[in-house]
Amino acid sequence: MAKMIIFTGSPKKKGTTAALLAEVARGAEAAGVDVVEYDLNDKGLRGCQGCLSCRNEKAVACVQNDYFKPMYIDLHDADAIVIGTPIYMGNVTAQTWNLIDRLYPAMGPDFSPRFPGKKFATIVTQGNVNAEGFAPAIEQVQSFLTRLGWDMGGNLVWAGAGGEPSEELKQQAYQIGQELAV
């Protein structure tokens with residue numbers, strides 16, 4: 001069975017980002033995908049300590065014993081990764097950026113991808129009604145994931161986010177879940 005990891009980078013468990021990620025998960029599960037979710041606001045999650053243990057040729061995970069410990073096993077087995085984040089202060093959340101830092105072990109000592117061939121999608125919510133208003137922040141995350149050898153499989157930006165997502169947005173998120181399952 002295919003496997004998808006969904007990372008929720010919002011501090012709000014029932015916010016706008018969570019609403020769209022639930023639709024992505026629903027679409028993937030309907031296509032027979034096993035979905036694993038990680039809450040990037042978990043109190044048991046530490047930031048990168050810069051120890052460089054992951055630069056060892058045989059390393060496949062971070063040596064920290066925290067909430068992310070099982071993530072590296074899931075990451076190795078996953079076919080698709082979805083990162084959902086709101087935009088705060090013109091950038092992805094601190095929680096989301098912590099994930100990017102903690103994905104350092106996904107690169108070998110020579111910065112080559114350790115887990116290539118996966119698909120990824122980004123799900124972004126923002127108060128700014130201009131969908132392109134924070135594109136550089138989103139593109140920075142996407143660029144990093146591409147350097148990991150992963151292929152872009154979708155991007156959804158809910159500009160002017162607030163309240164409940166429209167049926168059209170829900171359908172777009174559901175479709176991303178379906179497409180990543182293929």
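This is a predicted model: local features need pLDDT of at least 70, side-chain atom pairs count only at pLDDT 80 or more; totals for chains, interfaces and linings use all residues.
The chain contains 5 helices and 6 strands. In sequence order these elements follow the pattern β-α-β-α-β-β-α-β-α-β-α. The radius of gyration is 16 Å, close to the 16 Å that the globule rule gives for 182 residues, so the chain is as compact as a globular protein of that length. Along the principal axes, the C-alpha atoms occupy a box of roughly 45 × 35 × 25 Å. Of the 182 residues, 49% are buried. Among contacts with a separation of 6 or more, 79% are between residues 24 or more positions apart.

Two packed helices are described by the angle between their axes and the distance between the axes. For helix α1 (residues 16–30) and helix α5 (residues 167–180), the axes come within 6 Å and cross at roughly 45°. Helix α1 is therefore oblique to α5, and the crossing of the two is right-handed. On the α1 side, the contact is made by Leu20, Glu23, Val24, Arg26, Gly27, Ala28 and Ala30. The α5 side contributes Leu169, Lys170, Ala173, Tyr174, Gly177 and Gln178. By residue class, the contact of α1 with α5 comprises 7 nonpolar, 3 polar and 3 charged residues.

Helix α3 spans residues 94–102, and its buried residues are Gln95, Thr96, Asn98, Leu99, Ile100 and Arg102. The elements that cover these buried positions include three strands, namely β1 (3–8), β3 (80–88) and β4 (91–92). Helices α2 (69–77) and α4 (135–147) are also included in the cover of α3.

Strand β5 comprises residues 119–126, and Gln126 lies within this strand. The relative accessible area of Gln126 is 1%; because buried means under 20%, this residue is classed as buried. With neighbours within four places in sequence left aside, Gln126 is in contact with Ile87, Ala131, Phe134, Val157, Trp158, Ala159, Gly160 and Ala161.

How values were computed: Residues are numbered from 1 along each chain as its sequence is written. Side-chain values use heavy atoms; hydrogens and water are left out. Helices (H or I, at least four residues) and strands (E, at least two) are DSSP runs, numbered from the N terminus. Buried means under 20% relative accessible area, exposed over 50%, partly exposed in between (1.4 Å probe, protein chains only). Contact means heavy atoms within 4.5 Å. Axes are lines fitted to C-alpha atoms, for helices over the stretch in contact, and angles run from 0 to 180 degrees between N-to-C directions. Angles under 35 degrees count as roughly parallel, over 145 as roughly antiparallel, 65 to 115 as roughly perpendicular and the rest as oblique. A crossing is left-handed if the near helix is turned anticlockwise from the far one by less than a right angle, and right-handed if clockwise. Ala, Val, Leu, Ile, Met, Phe, Trp, Tyr, Cys and Pro count as nonpolar, Asp, Glu, Lys and Arg as charged, and the others, Gly among them, as polar. The radius of gyration is taken over C-alpha atoms; the globule rule is 2.2 Å times the number of residues to the power 0.38.
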